[in-house]
Amino acid sequence: MLIKSSVYCVDSTKVEGASDIPVAAAKPRRSRSTRCVVGGAHALVLRVSSLFGLAPLKFEACDGGYYVTISSAMCIYSYILVTVLVILTISGLVAEIKVGVELAVRMSSTTSQIVSMCDILVVVLTAGAGVYGAPKRMRSMLKFMDSVASVDTSIGGKYSETTERKICAILIAILVFFSGLIIDDICFYVIHAKKVGRQWDVLLNYIGFYLLWYIVMILELQFAFTALSVRVRFQAINDTLVLTAKKASMPMSAVEKTRSPASLNIFAISVASSDMQRAGNVNLLVDSHDDSDHDVIVSKSVGGEPRLLVSAGRAAEQLSKLHGALCCAVRRVEHSYGLPLVVILISTLLHLIVTPYFLIMEIIVSTNRVHFLVLQFLWCVTHLLRLVIVVEPSHYTIIEGKRTRSLVCRLMSLTPTTGEFPARLEVFCRQLMLQTTSYMPMGMCTLDRPLVASILGAVTTYLVILIQFQRYDT
């Protein structure tokens with residue numbers, strides 16, 4: 001039984017491109033295409049990411065959105081862009097240090113010099129890790145989202161235009177807010193430098209740093225969008241498990257408390273392969289499955305209610321396969337974003353130390369710069385939001401994983417000990433013991449809410465140390 005549950009994950013990996021892994025009794029599959037059709041919110045994320053070198057893709061307009069492929073020219077553009085920005089930022093940092101604390105607008109003391117240098121260098125490292133690894137990450141994206149497609153096919157994911165508009169509005173609002181904050185920050189320091197006649201020097205020295213900030217923010221949004229698109233499929237599997245319990249004539253109140261059904265495919269990722277367009281209103285990211293591999297187990301009845309098309313035992317078998325494929329997708333996301341996520345967490349920790357440090361120092365010195373206080377407060381809020389953007393998608397995924405375990409255990413306790421359905425549930429339960437739904441970048445930590453508490457505790461400790469060692473210039 002254990003071997004069988006492991007084969008599901010291995011088979012999913014084989015589907016995603018590892019053709020050298022032998023799988024017993026595996027069906028021959030047609031060659032996978034690295035070209036797909038994207039639209040809506042997903043196209044918006046990839047378009048913006050491509051502009052800043054985080055998605056080296058080629059876009060070709062079509063009826064359903066855009067054909068997307070890996071572009072060698074865009075890879076070269078990404079490398080040149082981030083290299084130029086990094087050189088510009090490092091050169092500006094060296095120039096500001098040479099000016100000295102008397103004329104530098106961001107480095108008015110030796111301690112603030114060290115703090116500002118760490119602030120700038122960590123942004124450089126984060127942006128570099130994101131852009132230089134973008135081609136490999138995009139190739140992996142086109143493969144692992146095949147698991148997402150299999151869930152949409154089997155459970156009948158539907159396009160939600162309203163939800164897609166909301167997602168696009170949220171993304172645009174975040175970018176507009178961040179742009180306003182960047183512009184305000186630039187204007188403040190340029191105006192301050194104008195008093196000593198260095199406004200143009202300051203602008204040139206820090207322009208690369210501010211552009212790298214855009215790369216960091218978009219990288220975080222890209223990960224959050226990807227993780228949430230996987231998480232909602234886990235939620236769909238859990239909702240189908242509840243529907244399976246109803247099919248098996250189990251009391252719904254004994255399985256789970258009544259909850260409103262979730263809309264499938266909430267991100268409205270409408271895509272298909274380049275060589276065929278699947279009929280119907282199923283929205284896939286990479287349309288490369290054979291219909292015979294993944295039975296359609298849920299459809300809408302005439303009244304709009306979801307209806308199970310197969311037996312409870314067959315549904316449990318298919319759901320265990322889909323769950324295993326999604327767990328492998330989580331591992332792929334974790335591997336693709338491993339190094340960038342670790343650098344992002346380190347950078348967020350440092351920024352949550354640096355920004356409140358400047359804010360507290362300004363309050364202590366009492367120079368009556370209200371604009372600076374408001375600006376630093378907004379940066380503090382922004383860094384907290386960055387941490388939430390990275391951690392919350394993983395937290396919600398973990399919750400859905402726990403919900404799956406709870407549902408399967410309750411179903412096992414309510415079913416007889418003999419029959420196809422209990423046997424499939426036992427396989428599913430053993431599979432759940434071998435797989436996790438959490439993101440652990442490079443195995444260093446688990447992206448969950450306790451991590452936020454740990455970071456805030458570390459921030460408090462280091463702030464106390466910095467303030468104690470601060471020496472004020474008279």
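These legends describe close-up views of a predicted model.

**View 1. Overall content of the protein.** The secondary structure comprises 13 helices and 5 strands. The protein has 474 residues, of which 52% count as buried. Among contacts with a separation of 6 or more, 80% are made by residues 24 or more positions apart.

**View 2. Crossing of helices H6 and H11.** Helix H6 covers residues 161–194 and helix H11 covers residues 370–414. Their axes come within 11 Å and cross at roughly 145°. The crossing of H6 past H11 is left-handed.

**View 3. Residues in the contact of H6 with H11.** On the H6 side, the contact is made by Phe177, Phe178, Leu181, Ile182, Asp184, Asp185, Phe188 and Tyr189. H11 contributes His371, Phe372, Leu375, Gln376, Leu378, Trp379 and Thr382. Sorted by class, this contact holds 10 nonpolar, 3 polar and 2 charged residues.

**View 4. Length of helix H13.** Helix H13 runs over residues 449–469, a stretch of 21 residues. At 1.5 Å a residue the helix should span 30 Å, and this agrees with the 31 Å between its end C-alpha atoms.

View 5. Leu451, Val452, Ile455, Val459 and Leu463 are the buried residues of H13. Viewed down the helix axis, these buried residues fall within an arc of 110°, so they line one face of H13. They pack against H11 and against helix H10 (338–365). Pro450, Ala453, Ser454 and Gln468 are exposed, on the face of H13 turned away from its buried side.

Key: Residues are numbered from 1 along each chain as its sequence is written. This is a predicted model: local features need pLDDT of at least 70, side-chain atom pairs count only at pLDDT 80 or more; totals for chains, interfaces and linings use all residues. Side-chain values use heavy atoms; hydrogens and water are left out. Axes are lines fitted to C-alpha atoms, for helices over the stretch in contact, and angles run from 0 to 180 degrees between N-to-C directions. Helices (H or I, at least four residues) and strands (E, at least two) are DSSP runs, numbered from the N terminus. A crossing is left-handed if the near helix is turned anticlockwise from the far one by less than a right angle, and right-handed if clockwise. Contact means heavy atoms within 4.5 Å. Ala, Val, Leu, Ile, Met, Phe, Trp, Tyr, Cys and Pro count as nonpolar, Asp, Glu, Lys and Arg as charged, and the others, Gly among them, as polar. The expected span of a helix is 1.5 Å times one less than its number of residues. Buried means under 20% relative accessible area, exposed over 50%, partly exposed in between (1.4 Å probe, protein chains only). The arc is that of the directions from the helix axis to the C-beta atoms.
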